[in-house]
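Let's take a look at how some strands in this predicted model pair up. Grab the structure and follow along.

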Amino acid sequence: MEGLPFLPGNSFNDPTRGKYHRPHSLGYKNGYAIQKRPEVGIGGETILHNQLNEAELDELANFNPTLTYGQAKQAPPEDFVPGHVAWDKKVLRFNGYFKQTVNESPDEFYRVRPVDIYYYLEDDSIAVVEPHVENSGMPQGKLIKRQRLPKNDQGDHWHWKDINMGQNITFYGKVFHVVTCDGFTKDFLESEGIVVNDPTGMPTDPYIERRKQAAALRTYQAPSSFDKTRQFLELDRKVLRFYCAWDDRDSMFGEMRPFILHYYLVDDTLELREMHSPNDGRDPFPVLIGRHKVPKDRYSAPSSFPAVVMELSDHEVREYFTPKDFAMGKTVSIYGRRFILYDCDNFTKAFYYHNFGLTDFNSVDIKGMTKNLPKMEIPPYNNFGSMEDSLQSCLSLVPQPPKKDFIKMLENDHKVLRFEAIMDSVRPEDKGRRFILAYRLADDMMTIYESPVRNSGIIGGKFLERTRVAKPGTTPDKPEFYGPQDFHIGAVIEVFKHRFIIVSADAYVLHYMQEHSSQFPEKTIQSLRDALGRSQAQKEVIKGGLMKVKRSEGDLENLVRQVRAQLKKIAITDKSRVDEMFLRYDTDRTGYIDCNNMRDLCRRLQLPVDDDVIEALVSQCTVDGQGRISLEDFRRFVESS
């Protein structure tokens with residue numbers, strides 16, 4: 001078909017063709033849109049791939065054709081990068097030195113002090129640092145902090161173009177000579193077109209060189225005996241430790257006091273440290289004898305030595321303590337005090353074994369040597385405060401509150417056993433006095449109240465504050481207190497020389513004892529049952545908390561007179577109030593009130609309402625003897641004197 005015109009009848013189908021679809025040039029691979037090269041054209045012809053080589057492709061890529069209507073567009077400029085970002089963390093390093101003049105010294109005239117000069121390209125700042133030299137005796141480190149250094153008086157600053165090897169640069173009047181630089185600095189200067197000079201050597205310090213020559217010529221000869229230098233090098237931080245006791249039993253209050261003896265081998269000094277125990281009663285001073293060389297006999301100085309104004313020195317003291325003077329079980333005298341060595345540590349045992357060949361290191365028992373001290377005796381109880389508080393003042397200088405059983409307090413909170421008791425006394429005025437004993441189960445404390453009795457001459461109220469009561473005959477160090485098991489009908493309770501006899505109890509006591517029958521004997525519970533059974537039969541006798549007492553005629557007359565006086569006071573202040581009180585109870589307007597109304601009237605006015613008092617009032621108010629009180633009789637009774 002090649003060469004034939006594209007006319008009908010001149011086109012033939014390819015019998016080898018198997019694909020009749022229209023090809024596409026776009027596709028997706030791994031989620032990305034890519035361009036594909038179709039292999040078959042629109043008419044079915046095969047599209048050949050590009051057969052250009054790499055050189056031709058590069059030429060076509062770099063070909064910029066000139067358009068007919070003007071030149072091609074210029075490429076956009078590259079992104080701007082600021083200087084502090086481009087030169088960040090890029091530092092030029094130069095090595096140099098400066099000479100320091102030394103005045104008034106015959107051995108040296110100047111010193112050579114090496115420095116490192118750092119130039120920071122990001123802001124053109126400079127820092128000068130002197131390397132540290134051990135034991136130089138001079139302050140070294142950062143000589144000039146990082147900053148822009150002025151070059152002259154015209155306001156110019158030092159730039160990296162002004163610094164090169166072999167040059168002198170002046171910073172604040174001090175001249176620095178640059179001798180070399182590192183590889184990065186050299187490559188940077190050469191890349192910027194600067195000719196880098198050859199490096200020069202660092203000059204030596206004449207004084208240091210003279211000292212090195214003198215040290216090389218100096219010879220050392222160690223003495224044959226054990227010298228101080230060797231002692232320091234070999235025995236530094238090596239200490240012998242002995243456990244000793246100060247034997248002071250010969251004095252009046254002396255004892256065996258434990259101490260620790262430290263012997264420092266580096267300089268033949270020793271110290272004595274006291275071993276404290278809790279509550280030993282001594283001031284917390286740890287050191288008895290400070291670290292120093294201790295003479296064996298401090299009084300061995302010549303008689304002509306002026307000890308008043310001068311201290312002992314090595315010339316006067318002939319002999320000091322050495323490791324040979326210490327051994328297990330030996331008693332040494334240090335400044336007039338006798339110390340017995342009874343034990344030592346493992347390092348001390350190893351030292352004596354290797355240097356002196358000793359193998360016997362049996363410790364000495366000093367517990368039997370202690371002086372028998374008198375034991376503290378608890379004084380008798382003086383009845384001031386509780387027994388526990390008084391005992392705490394004997395145990396320590398600052399008394400602490402006695403410990404409480406909080407579990408018991410929580411379980412028995414607000415649980416109180418109340419008993420009725422009478423006083424067992426030989427005094428006649430104490431006969432008939434009745435008391436209420438309240439026993440608290442939470443803290444085993446007891447409180448005693450006395451019921452007030454009118455015209456008895458004894459003020460009622462609280463007889464004993466809340467406190468724990470110990471049984472008679474108990475010691476203060478081991479007190480035995482009264483418990484709930486000790487309270488039963490007929491029991492005698494002795495409280496601070498006062499004897500009380502239990503005669504009754506409330507119903508809660510019997511209920512509590514029955515619930516906790518394992519804690520109380522059956523005899524105690526049965527006595528309470530019998531006593532409460534009798535009191536139940538006599539319930540009418542006890543009403544409102546007051547005992548009904550048969551009064552004499554004289555007492556009854558006095559009570560009636562007092563009631564009349566109270567009513568008369570009301571009539572004097574307000575006479576119409578007497579009629580109002582009477583008419584309040586005469587609801588049916590019969591003109592009479594009975595004894596029940598009279599009792600209610602006395603109760604409202606807080607006057608005695610006993611049966612014998614009411615009967616006496618009604619008998620004096622009535623005339624006909626029928627037990628009814630008229631308004632006229634009531635007025636006459638109130639107004640009569």
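A245 has its bridge partner in β14, and that partner is I340. So who else faces I340? On β14, I340 also stands opposite T331.

Now zoom out to the strands themselves. Strand β9 covers residues 239-247, strand β14 covers residues 337-344, and five bridges join the two. They run antiparallel. β14 is also joined to strand β13 (residues 331-334), this time by four bridges, and here too the strands run antiparallel.

What sits between β13 and β14? These strands form a hairpin with two residues between them, and Y335 takes a positive phi near 55° there.

Strand β15 (residues 416-423) is joined to strand β20 (residues 498-505) by five bridges, with the two running antiparallel. M423 has F500 in β20 as its bridge partner. Strand β19 (residues 492-495) is linked to β20 as well, through four bridges, again antiparallel. For E494, the bridge partner in β20 is R499.

Which residue in the turn between β19 and β20 has a positive phi? That's F496, at about 50°, in a hairpin with two residues between the strands.

Here are the pairings side by side:

| Strand | Partner strand | Bridges and direction |
|---|---|---|
| β9 (residues 239-247) | β14 (residues 337-344) | five bridges, antiparallel |
| β13 (residues 331-334) | β14 | four bridges, antiparallel |
| β15 (residues 416-423) | β20 (residues 498-505) | five bridges, antiparallel |
| β19 (residues 492-495) | β20 | four bridges, antiparallel |

Notes. Residues numbered from 1 in each chain as written. Predicted model: local features only at pLDDT ≥ 70, side-chain atom pairs only at ≥ 80, totals over all residues. Heavy atoms only, no water. Pairing = 2+ DSSP bridges.
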